[in-house]
Amino acid sequence: MRTVIPASSTIAWWLARARRHHVYVSGVASRVTAAHQLPGVLARSEVYEVETGRSGLVAVVVVPQSRHYTVTLRCAPEGMDLVDQAVIDARVGHLASWLAALSREPQLVQAQVTVETTPDPGTRLAAEVTATSRPDAPSLALQVLDDVVRSYPAGSAAVDTRVSLTYTAPPGRSMSHEDVCREVAARLPHLHAGLTGATGAGIVPMSARSLAAVVRAAYDPDAALDLARDPQLTPDWTQPGPVATRESWDSYRHDSGVSRTWCMVEAPRGVVYSRLFARLTDPDPQLLRKRVTMVYRPYSPADAARLVEADKRDARFMAAKKPRPSARVLTDLAAADQAAQEEATGAGVVRFTVLVTATVADDTQLDEATGIIRARAGEARLTIRPMYGCQAAGFAAGLPAGVVLPTHATIPF
């Protein structure tokens, strides 16, 4: 099966390549900046820290060219192992209620849930053991703990789950970035409470240093171990970018890693169960890093009502124009009727997509990574395709920085 690439995107890619926009160099060897700023759509981004009085300092990432403000919550979900199905069903219900509430959240542009898996350096376990061990403990107990600290990280992985909420400035009001950041931070308690029932664990707003550490490790996987061992090495937001990057048509080279990003082109058909995406988000030891991001863009209640009614009319028309409609047409009709009924009872309607980024050490491992990601997507009943010609933007969209891809598109649709 051949892949057809639109001519407009191909021309835009080659024009950008001719102007050398696909290459980025920072630091002392750069003519642009001596600092290691973020490349591409995040080059002008800034971070403001707001005191909430309840959760301490909360970092808000500002993208000035789009006037978007993003706050990120770090979650520690308990997973589904040894958890009763009734508890899992309750969490799914809480998440559905939380997504429905997003459509009524003023000025909310996008919400994204990111699950990032990396090899576990073992620093968390070692720090916990060091903090809780007593020097006068029995020697046998100390020896057992030391053996566990040295052996447990081998072959294990660290899982980082984040929820990012992106807002836009209120229309018709002249507000500074600081004022909008305070308003965004003031809305956190309500969303924080709604999300707690879905994750079953503590949720903590990320600070500026935490965001910089995540971005720094994403662009330079070799630096992740040093950052985990010594948090003092984490740069501020003016320095977390890569030393150099090079964007290709189907991959993205950045410092010590090479990444490829895919996007969803068709959602799973039929019933979606709670464990459907488990294999897609599970760690893969062959990859340096894997980042799976679900992006939600909610419709307003008025737009949602019009949309489901239009879908219901279209489905009925398709079923009525055929004397013997197919099973797929009848299924689409039943789904449209159910969606209209659920929306009428308070359910929300969101646009969503899935971005998957796999990072490896060099180009020779990209084919193996592609096979792994396609297999995992097949298990999740997802149809995905590489983000040809926009790998750098796709890579940045999975980071906790509030990149809304349609806003930054250079080709109008």
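Contact here means heavy atoms within 4.5 Å, and helices (H or I, at least four residues) and strands (E, at least two) are DSSP runs numbered from the N terminus. The model is predicted, so that local features need pLDDT of at least 70 and side-chain atom pairs count only at pLDDT 80 or more, while totals for chains, interfaces and linings use all residues. Residues are numbered from 1 along each chain as its sequence is written, and side-chain values use heavy atoms, with hydrogens and water left out.

**Exercise 1.** Describe how helix H10 and helix H11 pack, and which residues meet.

*Solution.* Begin with the geometry: H10 (residues 301-320) and H11 (residues 327-344) pack at an angle of about 155 degrees, with their axes 9 Å apart. Axes are lines fitted to C-alpha atoms, for helices over the stretch in contact, and angles run from 0 to 180 degrees between N-to-C directions. Angles under 35 degrees count as roughly parallel, over 145 as roughly antiparallel, 65 to 115 as roughly perpendicular and the rest as oblique; H10 and H11 are therefore roughly antiparallel to each other. Next, the residues: those of H10 in the contact include Pro-301, Val-308 and Met-318, and those of H11 include Val-329, Leu-333 and Glu-343. By class, this contact of H10 with H11 has 12 nonpolar, no polar and 7 charged residues, where Ala, Val, Leu, Ile, Met, Phe, Trp, Tyr, Cys and Pro count as nonpolar, Asp, Glu, Lys and Arg as charged, and the others, Gly among them, as polar.

**Exercise 2.** Work out how helix H2 and helix H6 are oriented, and what makes up their contact.

*Solution.* H2 (residues 85-102) and H6 (residues 188-199) pack at an angle of about 155 degrees, with their axes 7 Å apart, and H2 and H6 are therefore roughly antiparallel to each other. On the H2 side the contact includes Arg-91, His-94 and Trp-98, and on the H6 side Leu-191, Gly-194 and Thr-199 are among the residues. By class, the contact of H2 with H6 has 6 nonpolar, 4 polar and 1 charged residues.

**Exercise 3.** Identify which element gives the most to the lining of the largest cavity.

*Solution.* Strand E6 (157-168) and helix H5 (177-186) each supply at least two residues of that lining. H5 gives the most, with 3 residues. A cavity is a set of points, on a 1 Å grid over the protein atoms alone, where a 1.4 Å probe fits but cannot get out, and lining residues have an atom within 4 Å of a point. The lining divides into 4 nonpolar, 2 polar and 2 charged residues.
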